[in-house]
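Here is a short briefing for a first look. Keep the sequence and the 3D view open side by side as you read.

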Amino acid sequence: MKLGDTLTLSIIDYDHEGRGVAKENGFPIFVCHALKGEVIKGKIEYINKNYAQASIVKVIEESPARCHNVCKYYTLCGGCNIFHMDYDEQLRFKHDMVKTTLKRIGNIDFEVDPVVKNPNPLHYRNKIIVPFKEENGCVLSGFFEAKSHKLVPQDQCLIENEHARIIIEDLKKEFEERNVSIYDEQTHKGLVRNVMLRANKDNELMLVLIVTKENITINIILSKIFDLHKNIKSVYLNINNKPTNVILSPDGFKHLYGDKYIIEDINGLKFKVHPNSFLQVNHDQAEAMYNLVLDHLGNDRKQNVIDAYCGIGSITLNLALKVNHVYGIEVVPQAIMNAKENMGLNNITNATFICGKCEEEIQKLVKVDNVDAIVFDPPRKGCDKHFLDTVIAMKIKKIVYVSCLPQSLARDLRYLIDNGYELKRVTPFDLFSQCSHVECVCLLTKVN
Ligand SMILES: C[S@@+](CC[C@H](N)C(=O)[O-])C[C@H]1O[C@@H](n2cnc3c(N)ncnc32)[C@H](O)[C@@H]1O
């Protein structure tokens with residue numbers, strides 16, 4: 001086999017990103033946008049000693065699970081990667097991927113629950129960041145091609161909040177009419193870089209324009225857009241003049257118009273969402289996930305619980321309503337400030353928020369009587385080993401692990417199982433329809 005060869009390939013499986021997998025004399029070939037069960041003609045685009053990658057030249061035998069009603073930018077934009085699967089196939093893929101990852105990485109053979117469906121597989125994202133580009137005097141907006149910084153101009157996105165697009169189009173018109181310069185990544189010249197829009201479940205919006213410096217014309221444009229779109233409740237600038245790919249400058253936020261935050265309702269609790277607050281991008285599925293976390297903890301009101309990696313306290317405050325006391329730990333000081341604010345906003349008094357690394361701060365909670373249960377919701381890399389060692393040493397009876405990456409989850413579950421815990425439930429949730437990411441909620445209990 002060599003580069004450029006065209007082969008007839010039978011797709012026998014998916015890899016963890018949802019690419020089709022074929023084998024040629026036992027040698028694995030990954031094929032983007034190919035479905036399990038299909039026979040395709042594929043062109044070898046990349047090859048090394050362990051595997052090859054091929055693109056589809058022609059689908060010879062098509063799977064009934066192939067979705068033809070895909071976004072018109074699908075093959076160019078790097079945002080979604082499993083839009084070509086119909087929704088049931090997406091759910092099957094996610095379920096099997098979680099199950100095989102637990103086995104492959106953690107050597108855990110476990111009956112994984114069916115994936116909890118997303119009630120809205122389109123237009124579910126409540127936060128989007130869109131870059132701008134200037135071409136022949138026209139202002140374009142779009143998304144970057146997969147694994148590149150090449151902008152694909154787009155006039156729609158099927159997963160973003162439906163109210164965002166009209167605002168992006170109005171901004172582009174204003175930039176063109178008033179000759180506002182657009183930032184160029186190569187020369188590092190120009191004013192406007194990106195726009196971020198966040199929405200709450202009632203479609204109230206926060207607009208953050210990312211610029212290299214303050215500018216009076218920009219303020220005039222934003223004031224006009226704010227007046228025009230009554231659903232925009234908050235407008236910020238983010239001033240980022242650094243020549244980097246990092247979009248938001250952490251200390252560059254400047255509030256301009258409206259409120260300083262929007263309020264999101266999660267299970268009847270109110271959360272102030274600031275421009276840099278972490279919040280799950282799919283509101284309805286986040287609520288469903290948090291409800292399962294609460295179910296796993298049961299109805300014992302006397303429990304003391306730790307919520308590790310707590311962000312702005314979205315799980316912590318849900319827990320506070322059901323337990324005696326909850327301790328939220330989070331490393332970002334601003335998130336802890338927001339969590340405390342949210343606690344006051346909801347008149348909750350039985351939560352304590354601690355700012356610092358979980359692996360260090362949990363040591364201080366060792367002495368707290370009766371920590372009955374712990375919830376973890378770590379970032380993609382999973383939990384720190386020292387943190388898990390402390391949880392194990394504390395002999396906490398129940399663990400609810402919320403994970404956004406099956407690979408790190410499998411590693412951490414193996415460690416907990418080897419150290420006295422039994423895995424009771426693994427429930428995947430589809431928060432990111434059309435994309436291969438999957439969240440899981442797992443329950444573990446201490447073996448006596
Ligand atoms: C996936 S988010 C979970 C947020 C929250 N539970 C929620 O549902 O909105 C992970 C959080 O862990 C925080 N984090 C990352 N590493 C940490 C560490 N070592 N100790 C404490 N918090 C950490 C991040 O800042 C982020 O807020």
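Helix α4 (residues 283–297) has 15 residues, and its first and last C-alpha atoms are 22 Å apart. That is close to the 21 Å expected at 1.5 Å a residue. Keep in mind that this is a predicted model. The points below start with helix α4 and then move to other parts of the chain.

**Helix α4**
- The buried residues of α4 are H283, Q285, A286, A288, M289, Y290, V293 and H296.
- Their cover includes the strands β14 (262–266), β19 (373–376), β20, β21 and β22, as well as helix α5.
- G298 follows α4 and has a positive phi, near 75°.

**Helix α9**
- Helix α9 (residues 406–418) has 13 residues, so at 1.5 Å a residue it should span 18 Å.
- The end C-alpha atoms of α9 are 18 Å apart, which agrees.
- Buried in α9 are P406, L409, A410, D412, L413 and L416.
- Covering these buried residues are, among others, α1 (87–106), α8 (385–393), β20 (398–403), β21 (421–429) and β22 (439–446).
- Just after α9 comes G420, with a positive phi of about 100°.

**Nonpolar core**
- In soluble globular proteins, nonpolar side chains tend to be buried together.
- Here the largest nonpolar core has 119 residues.
- The residues with the most contacts inside this core are L207, L209, A308, I374 and V375.
- Strand β11 (residues 205–211) gives the core its largest share, seven residues.
- What does L209 touch, leaving aside its neighbours within four places in sequence? Its contacts are V192, V195, I218, L222 and L237.

**Around the ligand**
- The ligand is surrounded by 20 residues.
- Closest to the ligand are Y309, G311, V331, C358 and D377.
- α5 (314–320) and β17 (325–330) are the elements that give two or more residues to this shell.
- By class, the shell holds 13 nonpolar, three polar and four charged residues.

**K357**
- K357 sits in the loop between β18 (351–355) and α7 (358–365).
- Is K357 buried, exposed or partly exposed? K357 counts as partly exposed because it has 14 C-beta neighbours inside 10 Å. The partly exposed class lies between 12 or fewer neighbours (exposed) and 20 or more (buried).
- T390 is 33 residues from K357 in sequence and 13 Å from it in space, C-alpha to C-alpha.

**Positive phi outside glycine**
- N25 is not a glycine, yet its phi is positive, about 55°.
- N25 lies in the loop between β3 (20–24) and β4 (27–31).
- N25 counts as exposed because it has 5 C-beta neighbours inside 10 Å.
- N179, also a residue other than glycine, has a positive phi near 50°.
- N179 is found in the loop between α2 (164–177) and β10 (192–199).
- With 8 other C-beta atoms within 10 Å, N179 is exposed.

Methods. Residues are numbered from 1 along each chain as its sequence is written. This is a predicted model: local features need pLDDT of at least 70, side-chain atom pairs count only at pLDDT 80 or more; totals for chains, interfaces and linings use all residues. Helices (H or I, at least four residues) and strands (E, at least two) are DSSP runs, numbered from the N terminus. A residue is near a molecule or strand if its C-beta atom, placed from the backbone, lies within 6 Å of it. Ala, Val, Leu, Ile, Met, Phe, Trp, Tyr, Cys and Pro count as nonpolar, Asp, Glu, Lys and Arg as charged, and the others, Gly among them, as polar. A nonpolar core is a set of buried Ala, Val, Leu, Ile, Met, Phe, Trp, Tyr and Cys residues joined through C-beta atoms within 7 Å. Two residues are in contact if their C-beta atoms, placed from the backbone, lie within 7 Å. The expected span of a helix is 1.5 Å times one less than its number of residues.
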